[in-house]
Amino acid sequence: MLEISIIPALTDNYIYLLHEPDSGLTAVVDPAAAAPVIAALQRCGFGLNYIFNTHHHSDHIGANLELKAATGCKIVGAKADRSRIPGIDIALGDGDRIALGAEELVATDTPGHTVGHIVYYSAGSSALFCGDTLFSLGCGRLFEGSTEQMWHSLQKLKTLPAATKVYCAHEYTEANARFALTLEPGNPLLQQRYADVCQLRRSNAPTLPTTIGQELATNPFFREHSPEIRQNLALAEASPLAVFAAIRKLKDGFR
């Protein structure tokens, strides 16, 4: 299984360090800044073999070229975003696979936040690296893609095993939980999760990883069929897509 470490960066970004112990191969996911990655590699005694990018935003590819120059690593990203991923060596499409030693990661197209967004899933490690498509108790803003694209992308992620650990790229959980409670205040699992999240953040501890199962039980963007959410939105008979669109619009204005 992959050894996975969280590297905080910038204000609220998380970079993920993936190490496959049998081969000694190491990758980072969405390096926003080089210095914390280099410090983590030195601390662990690892080289760097790959960068896995989920999309082209600067807080996800900002350290690509500096890390490539320092380590000789290869940069992996989406075929659809090839022109916007600095230093890309390997371009993956939907369903393509890449090996990190004995571990295999599968790329899935998840447009919505951007049109060229992909996520990486390791069945062997039961781990999903989802960039800005799915957040703990939230989902990404629609900067380039459509509501329909994001909704369909999230439907793909819902089908993963409930125990799948979800490694999102930002620490947004506490604010997302406050928003979720405005839609589904009667959900006891959400109430408990908010309490747990607040306790973690008081200690400045990460709220990640979450799991697909936790998100199915508490994330409003995974819960378009919730009677309470539908009632609070006055959308009892609406399609799941219409409910999702209403939730996304409300979240865009939530403070």
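The model is predicted, so local features are given only where pLDDT is at least 70 and side-chain atom pairs only at pLDDT 80 or more, while totals for chains, interfaces and linings use all residues. Residues are numbered from 1 along each chain as its sequence is written, and side-chain values use heavy atoms, with hydrogens and water left out. The chain holds 9 helices and 14 strands, where helices (H or I, at least four residues) and strands (E, at least two) are DSSP runs numbered from the N terminus. The radius of gyration is 18 Å, close to the 18 Å that the globule rule gives for 255 residues, so the chain is as compact as a globular protein of that length; the radius is taken over C-alpha atoms, and the rule is 2.2 Å times the number of residues to the power 0.38.

**Overall build**

- The C-alpha trace spans about 55 × 40 × 30 Å along its principal axes.
- Of the 255 residues, 52% count as buried, a term that means under 20% relative accessible area, with exposed meaning over 50% and partly exposed lying in between (1.4 Å probe, protein chains only).
- The chain exposes about 10500 Å², of which carbon and sulfur atoms supply 53%; accessible areas come from the Shrake-Rupley method with a 1.4 Å probe, and for residues only the protein chains shown count as cover.
- Among contacts (heavy atoms within 4.5 Å) between residues at least 6 apart in sequence, 59% join residues at least 24 apart.

**Helix α1**

- In α1, residues 34-44, the buried positions are Ala34, Val37, Ala40 and Leu41.
- The buried residues of α1 pack against the strands β1 (3-9), β2 (13-20) and β3 (25-29) and against helix α3 (64-71).
- On the face turned away from that buried side, α1 carries the exposed residues Ala35, Gln42 and Arg43.
- Glycine 45 follows α1 and has a positive phi, near 75°.

**Helix α4**

- Helix α4, residues 147-158, has 12 residues and reaches 17 Å from its first C-alpha to its last, close to the 16 Å expected at 1.5 Å a residue, the expected span being 1.5 Å times one less than the number of residues.
- Its buried residues are Met150, Trp151, Ser153, Leu154, Leu157 and Lys158.
- Seen down the axis of α4, these buried residues fall within an arc of 160°, so they line one face of the helix.

**Histidine 113**

- Histidine 113 sits in the loop between β8 (103-109) and β9 (118-122), and is buried, with a relative accessible area of 3%.
- Its side chain makes a polar contact with the side chain of aspartate 132 at 3.2 Å; such a contact is a pair of N or O atoms within 3.5 Å, and within protein one must be able to donate a hydrogen and the other to accept it, with residues adjacent in sequence counting only if both atoms are side-chain atoms.
- Not counting residues up to four places away in sequence, histidine 113 touches several residues, including His55, His57, Arg141, Glu144 and, from helix α4, Met150.

- Threonine 218 belongs to helix α7 and counts as buried at 3% relative accessibility.
- The side chain of threonine 218 makes a polar contact with the side chain of arginine 193 at 2.7 Å.
- Asparagine 219 lies in the loop between α7 (212-218) and α8 (227-232), and counts as buried at 0% relative accessibility.
- The side chain of asparagine 219 reaches the backbone oxygen of glycine 138 at 3.1 Å.
- The C-alpha atoms of asparagine 219 and cysteine 139 are separated by 8.8 Å, although these residues are 80 residues apart along the chain.

**Backbone sites**

- A cis peptide bond, with omega about 5°, joins leucine 208 and proline 209, and proline 209 lies in the loop between α6 (188-202) and β14 (210-211).
- Leucine 10, in the loop between β1 and β2, has a positive phi of about 50° although it is not a glycine, and counts as exposed at 58% relative accessibility.
- Alanine 234, in the loop between α8 and α9 (240-252), has a positive phi near 55° and is exposed, with a relative accessible area of 66%.

Conventions. Arc of directions from axis to C-beta.
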